[in-house]
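Colleague: I am new to reading models. Could you take me through one, feature by feature?

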Amino acid sequence: KGAINLMCGICGISYSDTRTPERSTLTAMTRAILHRGPDSDGFYTDAGVGLGMRRLAIIDVAGGDQPIPNEDESMWIIFNGESHNFPDLYADLVKRGHEFRTRTDSECILHLYEEYGDDCVHHLRGQAAIALWDKKKKKLFLARDRMGKKPIYYSVQDGTFYFASELSALLAALPHRPEIDLEAIDLYLSLQYIPDPLTVYRGVHKLPPAHRLTWQDGVVKIE
């Protein structure tokens, strides 16, 4: 019946200061997307950031639970999707001296970021929603694949950045319930869909396909 739509679910919170997000809030977010990843959950929290993950295990089933760190744990990644060219990327990164904990495409993207920074996305072929925390730079990096197969929703409230694979996970964490966006409803009734970056809620956005986003020092930058 056509291709299988591989699903996991990612979510997170990042402050513009050194507060650490509450684990209970991240748990509420992952529970809202339990249906996306029935195999396991995972969390990472540190000063300024919290990441949550629901996993549907496909690659490295036994050892690929997320979030995944790099060698010195200065970077952490959560990833929804599949990198079709990851065996070639993996082989090249090993030659360049990178050490892997797993055999997952998720970790491969993390090491690509070490090599190429934000331009790591140019090396990927496949479907992806990426969230990566660069601890040294205090930077959250998000990216979405060219075709937009995997979604990323985000919002900023009270100087805090929230993101998730689905709106339900955002609503589980946002301190203020967003208002319905009547412009978005009008567009939906006209077009039968809501164009990016709008969503049904005012102040909640969808990262467009083939875009990357950084949250650093309380500022959102989209390219």
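Modeller: Start with burial. Buried means under 20% relative accessible area, exposed means over 50%, and partly exposed lies in between, using a 1.4 Å probe and protein chains only. Next, the ground rules. This is a predicted model, where local features need pLDDT of at least 70, side-chain atom pairs count only at pLDDT 80 or more, and totals for chains, interfaces and linings use all residues. Residues are numbered from 1 along each chain as its sequence is written, and side-chain values use heavy atoms, with hydrogens and water left out.

Colleague: Is Arg144 buried or exposed?

Modeller: Arg144 is buried, because its relative accessible area is 8%. Arg144 lies in strand β7. Strands are DSSP runs of E with at least two residues, numbered from the N terminus.

Colleague: What does the side chain of Arg144 reach?

Modeller: Look for a polar contact. That is a pair of N or O atoms within 3.5 Å; within protein, one must be able to donate a hydrogen and the other to accept it, and residues adjacent in sequence count only if both atoms are side-chain atoms. Here the side chain of Arg144 reaches the backbone oxygen of Leu207 at 2.6 Å.

Colleague: Which strands pair with β6?

Modeller: Two strands pair if DSSP finds at least two bridges between them. Strand β5 (residues 75–83) runs antiparallel to β6, with nine bridges. Gly81 stands opposite Ala128 of β6. Strand β7 (residues 139–144) is also antiparallel to β6, over six bridges. There, Leu132 has Phe141 as its bridge partner.

Colleague: What lies between β6 and β7?

Modeller: Four residues, and the two strands form a hairpin. Lys138 in the turn has a positive phi of about 55°. As for burial, eight of the nine residues of β6 (residues 126–134) are buried.

Colleague: How do I read a pocket?

Modeller: Picture a 1 Å grid over the protein atoms alone. A pocket is an open set of points where a 1.4 Å probe fits, with protein on both sides within 12 Å along at least five of seven lines; lining residues have an atom within 4 Å of a point. Volume is the space filled by probe spheres set on the points, which are joined across faces, edges and corners. The largest pocket has a volume of about 280 Å³. Of its 18 lining residues, the closest to the centre are Val121, Arg144, Asp145, Arg146 and Ala210.

Colleague: Which strand gives the largest share of that lining?

Modeller: Strand β6, with four residues. β5, β6 and β7 each supply at least two.
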